[in-house]
Amino acid sequence: MDQVLELSYALDTFYFLIMGAFVMWMAAGFAMLEAGLVQTKNTTEILLKNVALFAVACTMYMIVGYNIMYPGEGVNSWWPGISLFLGGDNATADVIAGGDDAPYYSNLSDFFFQVVFVATAMSIVSGAVAERMKLWSFLFFAVVMTGFIYPMQGYWKWGGGFLDAAGFSDFAGSGVVHLCGATAALAGVILLGARKGKYGKDGSIHPIPGANLPLATLGTFILWLGWFGFNGGSELKISNVEEANAVAMVFVNTNASAAGGVIAAMITAKLLFGKVDITMALNGALAGLVAITAEPLTPTPGIATLIGMVGGVLVVFAIVGMDKVKIDDPVGAISVHGVVGMWGLLAVPLTNSGAAFGSQLYGLVVIFAWTFVASMIVWLILKMVMGIRVTEEEEYEGMDLAECGMEAYPEFISAK
Amino acid sequence: MDQVLELSYALDTFYFLIMGAFVMWMAAGFAMLEAGLVQTKNTTEILLKNVALFAVACTMYMIVGYNIMYPGEGVNSWWPGISLFLGGDNATADVIAGGDDAPYYSNLSDFFFQVVFVATAMSIVSGAVAERMKLWSFLFFAVVMTGFIYPMQGYWKWGGGFLDAAGFSDFAGSGVVHLCGATAALAGVILLGARKGKYGKDGSIHPIPGANLPLATLGTFILWLGWFGFNGGSELKISNVEEANAVAMVFVNTNASAAGGVIAAMITAKLLFGKVDITMALNGALAGLVAITAEPLTPTPGIATLIGMVGGVLVVFAIVGMDKVKIDDPVGAISVHGVVGMWGLLAVPLTNSGAAFGSQLYGLVVIFAWTFVASMIVWLILKMVMGIRVTEEEEYEGMDLAECGMEAYPEFISAK
Amino acid sequence: MDQVLELSYALDTFYFLIMGAFVMWMAAGFAMLEAGLVQTKNTTEILLKNVALFAVACTMYMIVGYNIMYPGEGVNSWWPGISLFLGGDNATADVIAGGDDAPYYSNLSDFFFQVVFVATAMSIVSGAVAERMKLWSFLFFAVVMTGFIYPMQGYWKWGGGFLDAAGFSDFAGSGVVHLCGATAALAGVILLGARKGKYGKDGSIHPIPGANLPLATLGTFILWLGWFGFNGGSELKISNVEEANAVAMVFVNTNASAAGGVIAAMITAKLLFGKVDITMALNGALAGLVAITAEPLTPTPGIATLIGMVGGVLVVFAIVGMDKVKIDDPVGAISVHGVVGMWGLLAVPLTNSGAAFGSQLYGLVVIFAWTFVASMIVWLILKMVMGIRVTEEEEYEGMDLAECGMEAYPEFISAK
């Protein structure tokens with residue numbers, strides 16, 4: 001019997017690690033997506049930010065974030081007990097002893113799965129503030145975001161805090177990850193202002209096309225693949241029939257929703273613009289993925305497709321709408337992860353009878369309010385202390401030369 | 001005992017889902033390969049087609065294709081019983097009850113694995129008709145192909161239809177997937193005609209070089225990786241010693257054949273052209289992969305390498321030959337998946353004593369004939385109703401502006 | 001009981017295959033990294049080398065390398081018993097018989113995992129000799145390296161030879177793979193000389209910037225992901241609580257060390273150069289990964305981060321130092337895999353009480369001496385027989401036209 005228990009523990013640990021590796025891969029997806037959607041002169045810098053934020057997120061979450069989000073014992077349901085540094089605890093004896101409270105997978109595999117989530121949340125920010133945010137201000141924000149802001153609200157839901165107690169339901173993080181990241185981005189964008197030349201004084205909007213659409217497409221496919229880990233791993237267990245069926249359902253629904261998002265966004269774009277802007281199709285896929293993330297288990301695949309389709313329509317209008325109110329988000333991150341993240345949260349009660357519209361709205365508002373206020377304070381401090389925006393001349397010349405001293409494509413002649 | 005059964009079910013389900021995720025990743029591989037091998041002015045559009053066809057394939061196969069290919073009960077072995085919409089059936093009781101007919105993995109994990117296969121078949125088509133096929137005609141074809149044409153012949157073999165009864169052997173789909181996709185592409189290409197300027201009136205052939213070879217190489221590596229899921233998952237089970245050994249053998253042989261394909265294609269290209277056209281090396285890898293797909297289990301790794309080498313030689317001559325008969329296939333898809341797919345089918349009896357040359361040829365002819373006739377009818381209807389080819393001016397200006405209203409690389413100055 | 005044994009065998013085999021697939025994916029990582037860091041005119045050729053070396057490595061290791069490295073019986077601990085061709089042995093009876101010596105995973109899954117390692121070692125070489133090494137000389141070297149030089153020293157450690165007996169400790173190959181690859185590269189680079197124009201006669205150093213930094217970043221992310229397989233799979237077993245915990249620890253430490261490498265390299269670059277050269281951040285990630293590879297199991301995650309940080313600082317100084325002594329390595333491979341590989345080996349005793357500084361140094365010297373001398377002899381023979389460097393004119397025109405007859409980006413106008 002013990003051997004069966006051990007095998008089960010091993011399978012669940014392996015499942016967790018592989019799902020975590022898929023989520024880690026999303027860091028590459030965000031990097032490619034953002035590098036494809038900015039101008040050539042800002043490409044090196046956005047790549048650097050994506051590599052660096054991942055490193056910062058992994059390190060800060062190890063030092064303090066994980067222990068905030070999943071404390072041994074919380075002070076209360078609003079405030080976690082904070083300790084420093086990830087322990088290496090993987091106690092074998094407890095497993096063998098068995099019982100309902102026995103760990104059924106390695107603690108460190110859980111940490112690995114969680115640490116790549118915080119990096120995802122932070123990746124959302126980099127895209128929205130692209131092409132004008134100072135490198136080191138961004139990285140200091142990343143330190144606070146991944147070490148404190150994200151883990152606090154993560155504790156409230158997944159760490160067993162008051163949002164969990166209030167019945168708020170968020171399977172894999174439409175709210176805890178995507179809305180949180182988008183909200184932090186929104187605070188930054190508001191303070192930062194639009195890129196020079198994006199909005200004319202006469203109210204005109206000047207599109208600034210992405211410089212490398214194959215990269216953006218690659219990034220989207222990477223994210224699509226990584227999302228199987230993001231949602232599929234959030235079932236947290238696979239080692240019996242019921243759980244295995246659940247994970248399979250999550251994979252199928254995640255895929256179906258993304259597909260629905262693409263189709264709906266393409267048709268919406270065709271109807272609105274006459275042609276199909278590929279960035280709308282890509283954002284449609286991501287919208288489908290974000291939308292289903294709050295509840296990928298209870299819908300049927302057909303319903304999951306519809307949830308994704310609504311996300312795909314929403315994202316097109318949201319992107320158009322952001323420009324109307326002059327919120328300049330070069331990659332559409334706030335629309336994809338914020339607006340559609342909200343839709344995902346509110347759609348949970350449609351198929352999950354254990355969730356209620358009221359508690360979903362409550363969770364949404366709490367996550368938004370906390371992240372917006374906390375982020376705004378940090379952005380403001382950074383603005384006062386070191387500034388958050390590059391100079392007008394640096395913006396004109398490009399972030400790459402200003403921050404990295406090198407071009408992304410030094411041999412290709414660019415049309416300016 | 002029950003717990004062991006449950007663990008086994010969980011492991012097989014997990015294996016299926018991971019293998020399926022690898023195959024899903026092939027969609028990115030096709031997208032990058034094709035985006036790298038077309039001209040810059042047609043790059044956005046081919047990327048969009050690849051994203052869109054994946055979405056269409058997933059949705060159509062869910063609505064109708066899967067139920068055609070694997071019906072609860074067929075009308076007869078030529079005609080499946082058709083029902084609509086994937087059910088969410090994952091019956092736990094049957095598993096626990098056990099017995100030889102008990103499901104040993106989640107039905108939905110099977111669907112996930114199957115749905116990414118149909119997308120693969122459709123991805124083959126997009127490359128061959130690139131640079132001149134209308135976006136929306138292509139997507140309507142995708143609807144019929146993934147919802148009906150592919151599932152029908154899939155039913156005949158993998159759904160237990162008459163090709164299966166006839167002893168036709170096709171482990172992971174050299175015929176059912178690759179030849180099927182290539183045949184649909186061939187019908188489209190014949191009707192569509194060559195790209196303007198490809199073939200001179202004097203019989204001369206003008207190469208149109210791919211615009212971004214790193215992308216094409218990346219796409220090939222992605223496909224190579226994804227193929228471990230394609231072939232490795234087609235063993236369908238891994239949870240005992242015999243099956244685990246079989247899956248390992250499939251991984252090793254798949255890799256060996258691809259390696260053989262590269263080496264043979266490089267040497268062939270060097271001998272024929274004096275220099276090594278990298279696209280031949282890439283197509284050599286893919287040829288090795290297609291060739292071994294019909295039977296990756298019974299060869300030794302040495303024989304698998306040889307099967308791949310024959311594929312690698314074949315594909316070079318096939319690509320040269322297609323141009324001779326003025327079949328214009330910008331990425332070589334018909335050669336790789338069609339010609340080499342046939343070689344794969346016919347090579348099965350060399351190592352698998354359970355297969356016969358006659359039944360392999362029978363299956364090959366049936367798949368080709370069905371797919372060619374059915375596809376041709378659909379292409380013809382589309383041609384009459386909405387046209388399948390863009391105008392000469394649109395072709396000259398590029399598909400990207402015509403269909404998407406945007407360029408793939410707007411800042412780079414292109415030499416025309 | 002038997003069924004549990006079978007399940008355990010299946011899980012370990014599946015784990016091995018998946019980890020191997022991750023390592024295979026590193027081939028794409030090296031290809032993208034190198035293609036991004038060379039000039040446009042040499043891009044196609046470096047891509048071709050990466051595809052071809054992988055194919056050569058897989059084939060040579062199957063024919064002879066694997067049997068050298070893991071012989072049925074060695075002649076003695078310095079000299080393996082050599083036989084030809086991988087067998088297809090996957091004996092089921094031995095497994096069922098059980099006992100401590102019974103195989104607990106498929107032999108072929110072990111081969112698959114090993115074969116992708118040798119390709120990694122060879123990939124290191126291609127980057128260092130880029131932009132001037134003849135294609136076919138390189139491939140002939142690959143034949144000897146992957147069939148003989150690498151497997152010999154691999155036998156000494158992992159095959160149970162004299163380095164293993166001497167207490168040399170190298171978990172996943174900081175020495176056996178990375179130092180070995182870097183040393184073979186060093187021998188080649190010394191013989192080959194620097195690229196024209198890299199070093200002025202007055203002692204000046206002229207940077208030759210990489211042409212496509214998004215590709216280089218993508219390559220780094222791919223390698224980061226693949227490394228979870230590289231280190232995680234080197235635990236060799238996952239199917240009980242202790243082993244599962246160990247694999248989880250390896251994943252976490254591998255990730256932590258890479259993150260530490262990025263942060264340290266960025267700060268070092270900022271302090272040295274005033275701006276953050278992104279290639280230093282990327283090489284910092286790789287340095288963190290190489291550094292932890294010799295011992296990813298015994299450090300705590302905090303210590304792993306520090307080990308990576310030291311690697312990140314080291315790699316920046318190593319790259320600067322190499323240029324000082326006019327060792328021209330276009331991608332920094334010798335610094336990353338060689339210098340930091342040594343650091344990794346020497347850092348093992350810091351956390352692993354079973355390792356001693358003396359035996360680590362011994363192993364380091366043996367691997368370096370063997371690989372350097374053996375490689376130098378092969379490079380010298382190749383130089384005499386067919387030459388290893390392209391002509392000055394070919395170098396000026398670019399390797400792509402000389403070796404492949406085609407450009408990587410034929411439509412983009414390059415600034416020369």
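1. What percentage of the interface residues of chain C are also interface residues in chain A, and do the copies meet through the same or different surfaces? The share is only 19%, so the copies meet through different surfaces; contact here means heavy atoms within 4.5 Å.

2. Residues are numbered from 1 along each chain as its sequence is written, chains are lettered from A and ligands numbered from 1 in the order in which they are written, and side-chain values use heavy atoms, with hydrogens and water left out.

3. On confidence, the predictor gives the complex an ipTM of 0.97 and a pTM of 0.98. Chain A averages a pLDDT (the predictor's confidence in each residue, from 0 to 100) of 94, and 95% of its residues score at least 70. Where pLDDT is low, the predicted coordinates should not be read in detail.

4. Chain C can be laid on chain B by a turn of 120° with a shift of 0.0 Å along the axis, giving an RMSD of 0.0 Å. These two copies are thus related as by a three-fold rotation axis. A rotation of 120°, again with 0.0 Å of shift along its axis, superposes chain C on chain A with an RMSD of 0.0 Å; the superposition is by least squares on the C-alpha atoms of residues with pLDDT of at least 70 in both copies.

5. Trp156(C) lies in helix α5 of chain C, residues 135–157, where helices are DSSP runs (H or I, at least four residues) numbered from the N terminus. Trp156(C) is buried, with a relative accessible area of 8%; buried means under 20%, exposed over 50% and partly exposed in between, with a 1.4 Å probe and protein chains only. Leaving aside neighbours within four places in sequence, Trp156(C) is in contact with residues including Ser77(C), Trp78(C), Phe162(C), Val366(C) and Trp370(C). The C-alpha atoms of Trp156(C) and Gly188(C), 32 residues apart along the chain, are separated by 23 Å.

6. Leu380(A) is found in helix α13 of chain A and is partly exposed, with a relative accessible area of 37%.

Note on methods:
This is a predicted model: local features need pLDDT of at least 70, side-chain atom pairs count only at pLDDT 80 or more; totals for chains, interfaces and linings use all residues. Helices (H or I, at least four residues) and strands (E, at least two) are DSSP runs, numbered from the N terminus.
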